[in-house]
Amino acid sequence: MSSRMAGSALLRHAGGASRRLFSATATSPAAAARPLLAGSDGVQGSWMRLMSTSAASQAKDQAADAAAASKGDGEKKEVAVNSYWGIEQSQKLVREDGTEWKWSCFRPWETYTADTSIDLTKHHVPKTMLDKIAYYTVKSLRFPTDIFFQRRYGCRAMMLETVAAVPGMVGGMLLHLRSLRRFEQSGGWIRALLEEAENERMHLMTFMEVAQPRWYERALVITVQGVFFNAYFLGYLISPKFAHRVVGYLEEEAVHSYTEFLKDLEDGKIDNVPAPAIAIDYWRLPANATLKDVVTVVRADEAHHRDVNHFASDVYYQGMQLKATPAPIGYH
C-alpha cells in the first residue's frame, strides 16, 4: 500500500516538473544555471525525497512482516509439538504442601520413607562352594578399598554406589530379554531389580552433593565399572544364584560401611552438615534433616537390597525360577 502511494506521488511530481520543463515560458539564464537538486521544483530533488520516503516505509513494512512471521512460526511450532506428539513439558508438578517440585530426575510419586527398623545384623552363612566363593570374593575386594579410601567415608560411599547400581540393571536387563525370548512373565522381578538400580543411583546423586570426587577417583570409577559390569554380566549368565549371592554379600559390606560412617558422624570426626535438598525430597525427610539422617536411610536401603538378593539366590538354590515367587515390589 505504501509503495503504491509513493509511486502515485512520484508520478504527480514528475508530471508537474515535466510541464514546467517543457512549457513555452522562457527560462532566464540565472534560473537555468540553478542546480535542480537544490530547488523544490526540481525533478531530481523530488525524486530523491520520494525515494528516501519510499525506502524507509518499505524497510519498516518488511521489518514488521518479518517479526510477525517469526512470531507466527514460533507459535505454530509450539502448537504443532504439543498437539501432534502430545508431550507436555510445561506441566508443573507440586509437592503435597502445594509448593513447586524442582527435580526432573525423579517425581513426587517416586519418593518414599525408608524402613529404618529393618534388621541390620542379618548375615547369610556360606555353606555351599558357590556361597563360599561369593563370600570370599567380596571380602577380598574390601581390603584394597579400605587401603584406598581409609576413613573418607563420603568418597567411599560415592565409589560404592557406582558399583552397587550395576547388578540391578544387569539382572533386570537379562530377565527382560529372557521374558521376551520365552514369551513368559517375570513375576515382577524385572521391575524389582530395576528399582534397586535406580535407588542405588539416587544414593550416588545424593553423595555427589556431599563429596566431590577427585580426578583419579573418577578414573577409578570408570575402570571398576567397566570390569565389574562385564564380570557380573557373565556371572549372571552362568549362574544367577551365584550372582545374586555376590550382591547379597556386597550389600552386607555396604551396611557395615555405613555403620562406620555413622560412628564417625556421632563422634564428630565428620561434620554433620545439613542434608542435601535432593535427599530431603527423595526420602521425605524433615526440613532440618542432617547428613546423619541421610546415611541412616541409605543404610536401611542397603539392608533391604541385601535381603532381596539373598532371597533371590535362595529361590534359585531351591530349583525354582524367580518368576515362581512374587517380587518385593513397592518398597522404593
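These entries record what I looked up in a predicted model of one protein chain.

**Fold.** I began with the secondary structure. I found 10 helices and zero strands in the protein chain. Reading from the N terminus, the order is α-α-α-α-α-α-α-α-α-α.

**Burial and surface.** Next I checked how much of the chain is covered. The protein chain has 332 residues, and 38% of them count as buried. I noted an accessible surface of about 20,100 Å². Carbon and sulfur atoms hold 60% of that surface.

**Contacts along the chain.** I then looked at sequence separation. Taking contacts with a separation of 6 or more, I found that 74% join residues 24 or more positions apart.

**Largest nonpolar core.** Which members of the largest nonpolar core touch the most other members? I listed Tyr-258, Phe-261, Trp-283 and Val-295, out of 31 residues in this core. I traced the helices behind it: α5 (153-182), α6 (189-207), α8 (240-266), α9 (277-282) and α10 (291-317) each give at least two residues. The largest share is from α10, with seven residues.

**Trp-283.** I took a closer look at this residue. What does Trp-283 contact once its neighbours within four places in sequence are set aside? I noted Tyr-112, Thr-113 and Ala-114 as one run of partners. His-203 and Thr-206 are also in contact with Trp-283.

Key
Residues numbered from 1 in each chain as written. Predicted model: local features only at pLDDT ≥ 70, side-chain atom pairs only at ≥ 80, totals over all residues. Heavy atoms only, no water. Core = buried A, V, L, I, M, F, W, Y, C linked by side-chain atoms within 4.5 Å. Buried < 20%, exposed > 50% of the residue type's maximum accessible area, 1.4 Å probe, protein only. Helix = DSSP H or I, 4+ residues; strand = E, 2+ residues; numbered from the N terminus. Contact = heavy atoms within 4.5 Å. Areas by Shrake-Rupley, 256 points an atom, 1.4 Å probe, with all protein chains shown as cover.
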